Amino acid sequence: MGANGRLRIGMIGVSGRGGLWRHWHQPTGRSEIVAGADINAGKLARFASDHGGNPFVAEDYRAMLDRSDIDAVGVASPDFCHEEHAIAALQAGKHVFCEKPLAVTIEGCDRILEAWRASGKRLMVGFNMRYMNIFRVMKEIIDSGAIGEIKAVWVRHFVGHGSDFYYHDWHATRRNATSLLLQKGSHDIDMIHWITGRYTRRTAAFGSLDFFGGDKPNTLTCPECPEKTVCTEYMTGPRIQCAFREEVDVEDNQVTIMELEGGIKASYLQCHFTPDYHRNYTFIGTEGRVENSEPDMKVWVKTRRSNTYRDLADRTYDIKPASGGHGGADPVICEDFLDMCIDGKMPLATPLAGRMSVATGVCAAQSMRTGGLPVDVPPPPLWSTL
Ligand SMILES: NC(=O)c1ccc[n+]([C@@H]2O[C@H](COP(=O)([O-])OP(=O)(O)OC[C@H]3O[C@@H](n4cnc5c(N)ncnc54)[C@H](O)[C@@H]3O)[C@@H](O)[C@H]2O)c1
């Protein structure tokens with residue numbers, strides 16, 4: 001902690017998701033952003049100017065980690081950098097907030113967990129959906145026992161604007177992201193795990209590239225494209241690589257089945273060319289069913305007839321809107337990081353959850369690419385100590 005009693009945080013990746021720094025920069029609060037590292041000099045300059053307080057900046061993140069006046073690090077670089085950045089920060093003696101997915105391989109996640117345990121520092125994952133009102137309400141209802149013991153889960157993720165976020169830049173290739181089942185899907189898989197309180201034991205999947213990808217040159221960008229006036233995916237920025245370029249190889253339409261601990265059956269659909277954007281979750285228990293609607297900001301609870309005095313009502317919850325990114329979740333997850341680093345609180349978004357979501361996504365992708373047979377999800381080597 002600094003002499004002013006604040007946790008001193010440095011960011012790796014200062015733009016895009018790195019914008020989380022604004023929640024941690026509280027010059028009269030519990031933390032402050034004192035540094036940023038990014039390979040893009042222009043983004044570093046913009047960060048320093050927006051910050052306004054003369055933060056330390058470096059194009060090589062190691063120069064930032066060498067500093068003793070940094071207590072904690074937020075890793076918001078692309079997925080394929082998380083393993084290197086999180087391990088280096090832990091080994092440098094910093095607490096770490098690592099954006100999801102924890103890493104792009106199961107082995108990479110396990111190496112992060114090992115570095116975390118060896119460091120004695122604190123680690124959490126950017127699972128901000130755990131902090132969204134609509135999903136917290138669903139978890140509260142299920143934890144209350146209102147629908148009995150969970151037996152089935154059905155999740156549909158309609159990724160409208162799929163190209164804007166996933167097909168115009170690095171996300172679109174297996175070498176960078178492995179699969180959108182663990183990139184985009186890491187949130188949904190984690191929600192299935194968190195709300196049921198169970199991890200996936202085995203999984204199988206089918207999927208393919210049904211809309212994006214194609215034969216356009218990898219160098220083509222939207223502004224220079226001769227078809228830009230008629231292309232449905234034309235973008236003005238910041239992501240402008242052609243969504244129909246040759247190198248695109250992550251599936252845009254995929255369906256996964258999962259068997260969780262305790263025999264819970266789950267299915268998950270993720271499609272990137274729907275017109276609208278929302279996530280529809282249904283949990284079925286022995287005594288009822290819970291379903292949400294993000295567009296309506298509602299959660300419905302229907303209970304089975306019990307033939308006892310307990311037959312009271314079906315219920316509809318109106319979810320309160322919250323301000324802040326991702327339905328109000330971003331400011332709350334940033335506070336949870338401070339609670340963890342400063343007060344030693346166990347975060348809602350744990351490292352083990354980060355690892356199990358990636359492991360499930362990796363195994364589902366493996367199944368999807370090898371004929372759809374089920375794949376067992378391996379537990380982490382450190383399982384008994386986590
Ligand atoms: N939890 C969420 O809701 C959420 C939302 C968006 C993104 N994310 C995650 O945040 C991460 C960043 O996503 P993004 O969309 O901001 O990506 P991005 O491509 O915009 O990159 C973020 C920043 O990292 C920098 N960067 C790239 N390589 C780097 C390196 N080797 N060292 C240091 N900096 C580097 C880039 O210059 C950029 O400033 C991803 O892992 C993504 O999955 C999470």
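Predicted model: local features only at pLDDT ≥ 70, side-chain atom pairs only at ≥ 80, totals over all residues.
Student: How do you know that the chain has domains, and which residues belong to each?

Tutor: A domain assignment, automatic or from a database, sets the bounds, and it divides the chain into domain 1 (7-126 + 332-349) and domain 2 (130-329 + 353-385). The C-alpha centres of domain 1 and domain 2 lie 25 Å apart.

Student: What makes you say that domain 1 and domain 2 are in contact?

Tutor: Two residues are in contact if their C-beta atoms lie within 7 Å, and by that test 20 residues of domain 1 are in contact with 23 residues of domain 2. On the side of domain 1 that touches domain 2, α4 (79-91), α5 (106-119) and α10 (325-343) each supply at least two residues, and α5 gives the most, with six residues. By class, this side of domain 1 has 14 nonpolar, one polar and five charged residues.

Student: What does Val-96 touch, leaving out residues up to four places away in sequence?

Tutor: Val-96 touches Val-73, Val-75, Ala-86, Ala-89, Leu-90, Lys-121 and Leu-123.

Student: How do you know that helix α6 and helix α9 pack, and at what angle?

Tutor: Helix α6 (residues 133-143) and helix α9 (residues 185-196) have axes 9 Å apart, and they pack at an angle of about 30°. In the contact itself, Phe-135, Met-138, Lys-139 and Ile-142 of α6 meet Met-191, Trp-194 and Ile-195 of α9, and by class the contact has six nonpolar, no polar and one charged residues.

Student: Why is Pro-381 called exposed?

Tutor: A residue counts as exposed if 12 or fewer other C-beta atoms lie within 10 Å of its own, and Pro-381 has 11 C-beta neighbours inside 10 Å, so Pro-381 counts as exposed. Pro-381 lies in the segment after β15 (375-376), and although Pro-381 and Leu-113 are 268 residues apart in sequence, they are 9.4 Å apart in space, C-alpha to C-alpha.

Student: Which residues are closest to the ligand, and how many surround it?

Tutor: The ligand is surrounded by 23 residues, the closest being Gly-13, Ser-15, Gly-16, Arg-17 and Glu-99. The residues of this shell divide into eight nonpolar, nine polar and six charged.

Conventions:
Residues numbered from 1 in each chain as written. Axes fitted to C-alpha atoms, helices over the stretch in contact; angles between N-to-C directions. Helix = DSSP H or I, 4+ residues; strand = E, 2+ residues; numbered from the N terminus. Nonpolar A, V, L, I, M, F, W, Y, C, P; charged D, E, K, R; others polar. Near = placed C-beta within 6 Å. Buried ≥ 20, exposed ≤ 12 C-beta atoms within 10 Å, placed from the backbone.
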